[in-house]
Amino acid sequence: MKRIFLNLLCVAVFCALLCGTVSSAQAATVIKLGLVTPPGSAQNITAEKFAELLHDRSAGKYEVKIFHSGSLGTETEILQQVQMGAVEMAIVTLGPFDTFVPQVKVVSFLLLFRDYAQVDSVLYGPLGDEVLALLSRAGFQGLSFSENGFRNLTNDLRPVHSVADVKGLKIRVMESTLHKELWRTLGANPTPMGWPIYSELQQGTIDGQENPLWVTWTSRLYEVQKYLSLTGHVYSAHIDIANLGWYKNLPQDDQQLLRSCMKDASVYQRDWNRTQLADFLAKLKKAGMIVDEHPDVESFRSAVLPLKDLPMYQEPETKALLEKFLAATQSAS
């Protein structure tokens, strides 16, 4: 009789544990997070670290399902889905945001930042928070900036040392009014398109593109691009966002948890990105790319001075924000 009782007790305990496991799994809130890049890339590094931190710090209350490699569409299409609430979160390059919240374009102003130390002192502070707050106008909750990195020009036609060498190049640009106007000002033929662009480069639909080194390496663009110029012409950020309504409906403690997890994930990703730079450059050289490590950046700077006076920067709020960033970067020099 005693043995039967013990056996029944063991069965009861096992069932309780099993039910508890099932109940816990059912209770987890699944968050859909969209991005266009494949595993191993900068956006994914942020997303995966965020998913890990949120799972651990919420004791399994939240699970993040990452939709990578453009499975939800282009970055603009992902932003539209977040805006509508079909997707809760996303990590998107800053460029496409300027069609939703025009003021954000100031962060991508040509040669605004000199180096990563200046980026950290200016963007990851009160001015950056001001930009994130503006996103609520389009239905987004800005959580943090993470890092794409300084963008560099590649092409398959000729070396580019000065701005004169850019003339006539068909350059893929992000779906961004600023980037299109920037390359038109530099004398190129800018062609906005989503990502990926390997086939378009391979087929000669476009001559070149501009992206941080990690993108050129992980997307294997060295196979279809011969020349690389370390122009560092734009510091390219990612913006880590949530749907505003969904976020505001979370308990306040959970809102803070999401924000802190994303900020910590972005710090982790920025450290990862910067420690890889020398390695990415060495790999691209070894793969056969011809690299100009010291192009005439001042020729680019002089050519785009008129950008500040373009109509897109004359809207009072945008103009004021740009002046704040220019003043901040000058004082941080």
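Let's start with a pair of helices: the axes of α5 (residues 126-134) and α13 (residues 316-331) come within 11 Å and cross at roughly 155°. Keep in mind as you look around that this is a predicted model. Anything over 145 degrees counts as roughly antiparallel, and α5 and α13 are therefore roughly antiparallel to each other. Their crossing is left-handed. On the α5 side, the residues involved are Leu127, Glu130, Val131 and Leu134, and they meet Glu317, Leu321, Lys324, Phe325 and Ala328 of α13. Sorted by class, this contact between α5 and α13 has six nonpolar residues and three charged ones, with no polar residues.

Now zoom out to the whole chain. Its secondary structure comes to 13 helices and nine strands, and its C-alpha atoms fill a box of roughly 95 × 45 × 35 Å along the principal axes. Of the 333 residues, 52% are buried. If you take the contacts between residues at least 6 apart in sequence, 74% of them join residues at least 24 apart.

Back to helix packing, with a second pair to look at. Helix α2 (residues 42-57) and helix α10 (residues 252-275) have their axes 8 Å apart and pack at an angle of about 140°. That angle makes α2 oblique to α10. The α2/α10 crossing is right-handed. From α2, the contact draws on Ala42, Ile45, Thr46, Lys49, Phe50, Leu53, Leu54 and Arg57. From α10, it takes in Leu257, Leu258, Ser260, Cys261, Met262, Asp264, Ala265, Ser266, Tyr268, Gln269 and Trp272. The class tally for α2 with α10 is 12 nonpolar, four polar and three charged residues.

The loops are worth a visit too, particularly if you like checking backbone torsions. Between β6 (189-192) and α7 (198-203) you'll find Pro196. The peptide bond joining Trp195 to Pro196 is cis, with omega about 10°.

One is Leu111, where phi is near 55°. Leu111 sits in the loop between β3 (89-93) and α4 (116-122). Its relative accessible area is 11%, so Leu111 is buried. The other is Arg220, with phi at about 60°, and its place is in the loop between α8 (213-218) and β8 (227-243). Arg220 has 41% relative accessibility, so it counts as partly exposed.

Is Met289 buried or exposed? Its relative accessibility is 6%, so Met289 counts as buried. As for what surrounds Met289, set aside its neighbours within four places in sequence and you get contacts with Thr154, Thr216, Tyr222, Gln225, Lys226, Tyr227, Leu228 and Leu284. Of these partners, Tyr227 and Leu228 fall within the residue range of β8 (227-243), while Thr216 falls within that of α8 (213-218). Ile239, 50 residues from Met289 along the chain, has its C-alpha atom 30 Å from that of Met289.

Note on methods. Residues numbered from 1 in each chain as written. Predicted model: local features only at pLDDT ≥ 70, side-chain atom pairs only at ≥ 80, totals over all residues. Heavy atoms only, no water. Axes fitted to C-alpha atoms, helices over the stretch in contact; angles between N-to-C directions. Helix = DSSP H or I, 4+ residues; strand = E, 2+ residues; numbered from the N terminus. Parallel < 35°, antiparallel > 145°, perpendicular 65-115°, else oblique. Left-handed = near helix turned anticlockwise from the far one by under 90°. Contact = heavy atoms within 4.5 Å. Nonpolar A, V, L, I, M, F, W, Y, C, P; charged D, E, K, R; others polar. Buried < 20%, exposed > 50% of the residue type's maximum accessible area, 1.4 Å probe, protein only.
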